[in-house]
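Dear colleague,

I am handing over the structure below, and I would be grateful if you could look through it with the notes that follow.

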Amino acid sequence: MPYVNIKITKEGNVTKEQKAALIKGATDLLVNVLHKNPASTVVVIDEVDLDNWGLGGDPILVTREKNKKK
């Protein structure tokens with residue numbers, strides 16, 4: 001039973017339709033590449049607060065500001 005965990009930042013408005021497309025796309029990828037059964041493929045989407053997301057040793061908002069200055 002494949003288990004896919006997609007983590008995205010909780011910003012903007014990710015719609016139900018976009019989430020459904022992510023779930024279908026991840027499932028289809030496992031079906032097409034690894035021949036997994038879609039009926040037993042689990043996909044979970046976690047939306048993470050920006051305060052809990054970091055990159056390069058900094059909170060993501062700090063990283064984004066640094067990248068703007070480059």
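Asp 28 has a relative accessible area of 29%, so in this predicted model Asp 28 counts as partly exposed. Its side chain meets that of Lys 24 in a salt bridge, with 2.8 Å from N to O. Because Asp 28 and Lys 24 are 4 residues apart in helix H1, about one helical turn separates them. Lys 24 counts as exposed, since its relative accessibility is 51% and the cut-off for that class is over 50%.

In one of them, Asp 49 forms a salt bridge with Lys 10, and the closest N and O atoms are 3.7 Å apart. Here the pair links distant parts of the chain, 39 residues apart: Asp 49 sits in the loop between strand S2 (42-48) and strand S3 (54-55), while Lys 10 sits in the loop between strand S1 (3-9) and helix H1 (16-34). As for accessibility, Asp 49 is partly exposed at 38%, and Lys 10 is likewise classed as partly exposed, at 45%.

The other salt bridge joins the side chains of Glu 11 and Arg 64, with an N to O distance of 2.7 Å. Since Glu 11 lies in the loop between S1 and H1 and Arg 64 in helix H2 (residues 60-69), this pair ties together parts that are 53 residues apart in sequence. Glu 11 is partly exposed, with a relative accessible area of 30%, and Arg 64 is also partly exposed, with 33%.

What else is Arg 64 in contact with, leaving aside its neighbours within four places in sequence? Besides Glu 11, the contacts of Arg 64 are Thr 9 and Leu 50. Arg 64 and Thr 9 are 55 residues apart along the chain, and their C-alpha atoms are separated by 13 Å. The contact between Arg 64 and Thr 9 is counted on heavy atoms within 4.5 Å, whereas the 13 Å refers to the C-alpha atoms of the two residues.

Notes. Residues numbered from 1 in each chain as written. Predicted model: local features only at pLDDT ≥ 70, side-chain atom pairs only at ≥ 80, totals over all residues. Heavy atoms only, no water. Salt bridge = Lys/Arg side-chain N within 4 Å of Asp/Glu carboxyl O. Helix = DSSP H or I, 4+ residues; strand = E, 2+ residues; numbered from the N terminus. Buried < 20%, exposed > 50% of the residue type's maximum accessible area, 1.4 Å probe, protein only.
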